[in-house]
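Let's explore a protein model together, one question at a time. Have the picture open as you read, and try each question before looking at the answer.

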Amino acid sequence: MTAPLDGITVVDFSQFLAGPYASLRLLDMGARVIKIENPDGGDLCRHHYVSDTRIKGDSTLFHAINRGKESIALDLKTPQGLDAARRLIAQADVVIQNFRPGVIDRLGLSYEQVCAINPQVVYGSISGYGESGDWAALPGQDLLAQARSGLMWLSGNAGDGPVPVGLPIADISAGACLTQGLLAALFRLARTGKGDHVQTSLLEALMDMQFEFLSTWLTNGQTPPQRMDQGSAHGYLGAPYGVYACATGHLALAMTPLDRLGAALNLDLSGDPFKDRDALCQRIAIRLKDKSAATWETDLGALGIWCARVLTWEDMRNQGGDLVARMLSPSAPIRMEGIRPAPASTGPELDEHGDRLRAEFLL
């Protein structure tokens with residue numbers, strides 16, 4: 001099968017996570033991604049160690065987000081490096097950048113400046129908080145964006161204080177949003193010959209992820225979600241929604257009519273699932289401590305109750321079958337005609353493809 005983006009060339013000036021995640025998704029769909037790196041150390045993500053494990057001297061995170069890409073080192077602060085970048089841009093279909101607002105303009109590679117070189121370019125920009133306004137110049141970092149988005153008050157229990165999401169949700173969601181916009185722009189380019197500038201930010205992506213909560217808050221008199229004292233999973237949903245400690249392990253219960261759950265547990269669950277949420281969940285919690293999570297999952301699942309045992313990664317790998325096994329190797333989370341893209345398992349060394357790219361693009 002020919003990959004859907006076969007023949008598309010992406011010139012990626014972005015680094016760290018959000019922009020490189022977008023170019024990774026395009027690569028998984030067949031695009032060629034040429035990664036522009038600073039000769040002095042390359043992408044900052046090469047040196048962002050999330051553990052003591054390294055691959056080719058670089059962080060595992062760098063390789064996870066840059067697998068299959070080509071690297072060329074260009075000093076954009078020199079006339080030679082800038083000229084080489086412009087030559088690449090002239091032959092690119094997509095350009096991606098995630099510099100702080102104003103930096104790309106000073107380099108001479110803003111959307112308007114790039115359009116003068118390549119009028120049909122699809123240009124993608126990710127910022128922390130947009131290109132203007134009081135927050136525009138602030139560092140666009142994942143944890144800081146989470147802090148400013150209100151997201152931290154949705155996880156954890158009532159007494160926990162703000163709880164950050166334990167993965168770079170701002171970076172990944174912003175990269176996914178940019179990918180969606182870039183694909184739409186490429187589709188329009190194919191139909192009309194017109195390029196576009198696709199823009200998003202960490203803050204916009206996090207607000208979009210909270211659409212369910214924000215829509216509720218804006219229409220219910222701005223009453224915020226209330227986390228439960230224990231096992232809280234959703235600040236607006238009623239009982240029994242949550243996570244419960246069992247005799248061993250934990251069980252997640254999703255949306256289930258209380259009368260059905262009460263019958264399954266031989267428990268009186270009469271009451272309002274919203275107004276009486278904490279009291280109802282406490283009754284359920286006491287009952288679920290009678291058996292293991294594995295037993296409850298089997299017994300309640302057989303009765304059509306939506307539940308799942310809370311697994312570790314090891315549990316997931318042992319029980320998730322072929323789907324999990326494939327995703328635990330470097331792979332895209334999509335299949336087209338039943339086929340999952342399978343690019344290289346690691347990222348490039350700094351300037352690994354520099355000589356070949358210089359010769360190919362006459363840089």
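This is a predicted model: local features need pLDDT of at least 70, side-chain atom pairs count only at pLDDT 80 or more; totals for chains, interfaces and linings use all residues.

Q: In what order do the strands of the open sheet of 6 strands lie?
A: The pairing in this sheet is parallel. From one strand to the next, the twist averages 20 degrees. Reading across the sheet, the order is 5-2-1-6-7-8.

Q: Why is one side of strand 5 and of strand 8 left without a neighbour in the sheet?
A: Look at the two ends of the order 5-2-1-6-7-8. Strand 5 (70–73) and strand 8 (196–201) each have a single partner strand, so one side of each has no neighbour there. The reason is their place in the sheet: both stand at the edges.

Q: Helix 7 lies across which strands?
A: Find helix 7 at residues 169–192. Its direction makes about 165 degrees with strand 7 (122–127). The strands it lies across are strand 6, strand 7 and strand 8.

Q: What angle does the direction of helix 8 make with that of strand 8?
A: Helix 8 packs on the sheet too, where it touches strand 7 and strand 8. Between the directions of helix 8 and strand 8, the angle is about 70 degrees.

Q: Is helix 7 roughly parallel or roughly perpendicular to helix 8?
A: Two packed helices are described by the angle between their axes and the distance between the axes. For helix 7 and helix 8 (residues 202–209), the axes are 8 Å apart and the angle is about 90 degrees. That angle makes the arrangement of helix 7 to helix 8 roughly perpendicular.

Q: How many residues in the contact of helix 7 with helix 8 are nonpolar?
A: Helix 7 brings Ile-169, Ala-170, Asp-171, Ser-173, Ala-174 and Cys-177, while helix 8 brings Leu-202, Ala-205, Leu-206 and Met-209. Sorted by class, 1 is polar and 1 is charged. The number of nonpolar residues is 8.

Q: Which helix gives the most to the lining of the largest pocket?
A: This pocket holds about 950 Å³ of space and is lined by 25 residues. Helix 1 (18–28), helix 2 (60–66) and helix 13 (313–319) each supply at least two of the lining residues. The top contributor, with 5 residues, is helix 2.

Q: What is the volume of the second largest pocket?
A: Its lining has 22 residues, and among the closest to its centre are Gln-15, Phe-16 and Asn-98. By class, the lining has 13 nonpolar, 6 polar and 3 charged residues. The volume of this second largest pocket is about 510 Å³.

Key. Residues are numbered from 1 along each chain as its sequence is written. Side-chain values use heavy atoms; hydrogens and water are left out. Axes are lines fitted to C-alpha atoms, for helices over the stretch in contact, and angles run from 0 to 180 degrees between N-to-C directions. Helices (H or I, at least four residues) and strands (E, at least two) are DSSP runs, numbered from the N terminus. Angles under 35 degrees count as roughly parallel, over 145 as roughly antiparallel, 65 to 115 as roughly perpendicular and the rest as oblique. Contact means heavy atoms within 4.5 Å. Ala, Val, Leu, Ile, Met, Phe, Trp, Tyr, Cys and Pro count as nonpolar, Asp, Glu, Lys and Arg as charged, and the others, Gly among them, as polar. Two strands pair if DSSP finds at least two bridges between them. On a 1 Å grid over the protein atoms alone, a cavity is a set of points where a 1.4 Å probe fits but cannot get out, and a pocket is an open set with protein on both sides within 12 Å along at least five of seven lines; lining residues have an atom within 4 Å of a point. Grid points are joined across faces, edges and corners, and a volume is the space filled by probe spheres set on the points.
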